[in-house]
Amino acid sequence: MELQLTAAFLNAMVLQAGQAAIPPATGAAIGFGLAAIGAGYAERSIGSAAVGAIAEDRGMLGYGVLLTVIPETIVIFGLVVVFLLQ
Amino acid sequence: MNTTVDTANYGYVTARVRVRRAALFDEDDYRKLVRMGPGEIARFMEETEYETEMNALGSRHDGVDLIEYALNRNLAKHFDDLLTFAGGELYENIARYLRKFDAWNVKTIIRGVYTDAGQQTIADDLIRAGAFSDELLDRLTESTSIEMVVEQLSNTIFGPALEAAYSDYEETDVLVPLENAIDRAFYSELLGDVPENPSEPTKLYVQLLRAEIDFRNIRNALRLARSGADIDPSEYFISGGQLFEESELEQLTTNVGQLTEYLRHSSYGSDLEGALDELEEADSLIEFERALDQALLEYTDALTNRHHLSICPVIAYIRAKEREVDNIRAIARGKEAGLTGEQIEEELVIV
């Protein structure tokens, strides 16, 4: 579903822009969005495991939060690309 | 159930289970416990995991009985928790596995009724962790005859098997046929419900159960081979394992040497190596059975390390927790009977 939407979106972009298939800013935005989706997907199961561990032992809170946000770094890389293009 | 929910749920359940597994007593705790008397053990337990149960039961029981009932109740609490954590397929599989406490409870009730133990005594010995409701268990403990127990169980998984075994019981007046029927009903149900084309997680679950059935068959086979009694081994054979065929077992139980050789070349050969060496050296069945328990725990742990987001950690926890309860009970009962520390230590299975 997501892939189909992206393909339709890309087609529309090709028609509009004429020469470049995707304008640089749009490409950066798509990259950023995909990175965020990936991070969310990764955090889902880490988060549920972290909540499980914290429920058993409050001392795990620090580790739990730390491990849960590690995939967040991918989003930062996506953001870096956006800044590089500006 | 939606697969995304399922994978996240595996993470949640295994994280909780692993924390609990880590909180189980370790070798140091056991070393301390072995040196204590029954009163000290009770006091030690009040400061651990078992505090709530010890306090709740403290007014009604004392001494080793208190320890034992607190252990049972704690076990039931933890296993009930597992069911509240899990969802979907994981829930189904855990619930099916925990039916073994239904089998245990039915056996306890039948034995209790057989010896006229009294309702309260039977109820104290139950472990309320299975699928049976409290009402059903209470009604069962109120039964005055074994026939009543069998009748009330007619709608459960044990119904048909118990009814078939009841006439045997009436003829011989021993409980063995009924208890065998319960065990077999439990194990056939365990693997019988599994869908034809099981998903990956369920396949693992089946693998774990097969190991358990195989180990049980090994134990029964060795006991039979050692006793030399003229008993038909197929009466004790539990089907569903991958190690033995019923006909093979019959041949093997006539000769201990042949049986150990067969085990050495089976797929569990490397897992059981230590246990088999011990059997050949010490020539003692107790040692071997202990080593067998240890091997099963290690096998489950090995699977846990290979498949960390699966039912394996949960089953490994259930087995380890059961071992802990058995160990503490052995220590307390051993102390009560006046055994020495070394003698008790030989009985413990520590992983």
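This is a predicted model: local features need pLDDT of at least 70, side-chain atom pairs count only at pLDDT 80 or more; totals for chains, interfaces and linings use all residues.

Biologist: Into which domains is chain B divided?

Modeller: Domain bounds come from an automatic or database domain assignment. In chain B, domain 1 spans 98-193 and domain 2 spans 197-310. Their C-alpha centres lie 26 Å apart. The contact (heavy atoms within 4.5 Å) takes 7 residues from domain 1 of chain B and 12 residues from domain 2 of chain B.

Biologist: What is the area buried between domain 1 and domain 2 of chain B?

Modeller: The size of an interface is often given as the accessible area lost when the parts come together. Buried area here is the accessible area (1.4 Å probe) that two parts lose on being put together, summed over both. Between the two domains of chain B the value is about 880 Å², and carbon and sulfur atoms give 60% of this. Arg184(B), Tyr187(B) and Leu191(B) supply 65% of the area that domain 1 of chain B buries against domain 2 of chain B, more than any other three residues.

Biologist: Which side chains meet in a salt bridge between these domains?

Modeller: A salt bridge is a side-chain nitrogen of Lys or Arg within 4 Å of a carboxyl oxygen of Asp or Glu. The rule finds 1 salt bridge across this domain interface. Lys100(B) and Glu212(B) meet in a salt bridge at 3.8 Å, N to O. Helix 11 (residues 176-192) of chain B gives the largest share of the side of domain 1 that touches domain 2, 6 residues; helices are DSSP runs (H or I, at least four residues), numbered from the N terminus.

Biologist: How many residues of chain B are in contact with chain A?

Modeller: The contact involves 10 residues of chain B and 11 residues of chain A. The two chains bury about 800 Å² between them, with 64% of it on carbon and sulfur atoms. There are 2 salt bridges between chain B and chain A. Arg16(B) forms a salt bridge with Glu56(A), with the closest N and O atoms 2.9 Å apart. On the side of chain B that touches chain A, the largest share, 9 residues, comes from helix 1 (residues 3-22) of chain B.

Biologist: Which parts of chain B do Asp124(B) and Arg60(B) tie together?

Modeller: The side chains of Asp124(B) and Arg60(B) meet in a salt bridge of 3.7 Å, N to O. Asp124(B) lies in helix 7 (residues 119-125) of chain B and Arg60(B) in the loop between helix 4 (51-57) and helix 5 of chain B, so the pair ties together parts that are 64 residues apart in sequence.

Biologist: Is Asp124(B) buried or exposed?

Modeller: Buried means under 20% relative accessible area, exposed over 50%, and partly exposed in between (1.4 Å probe, protein chains only). Asp124(B) is buried, at 16%, whereas Arg60(B) is partly exposed, at 48%. Another salt bridge joins Asp81(B) and Arg20(B) (3.1 Å, N to O). Asp81(B) lies in helix 5 (residues 63-85) and Arg20(B) in helix 1 of chain B, 61 residues apart.

Definitions and conventions. Residues are numbered from 1 along each chain as its sequence is written. Chains are lettered from A and ligands numbered from 1 in the order in which they are written. Side-chain values use heavy atoms; hydrogens and water are left out. Helices (H or I, at least four residues) and strands (E, at least two) are DSSP runs, numbered from the N terminus.
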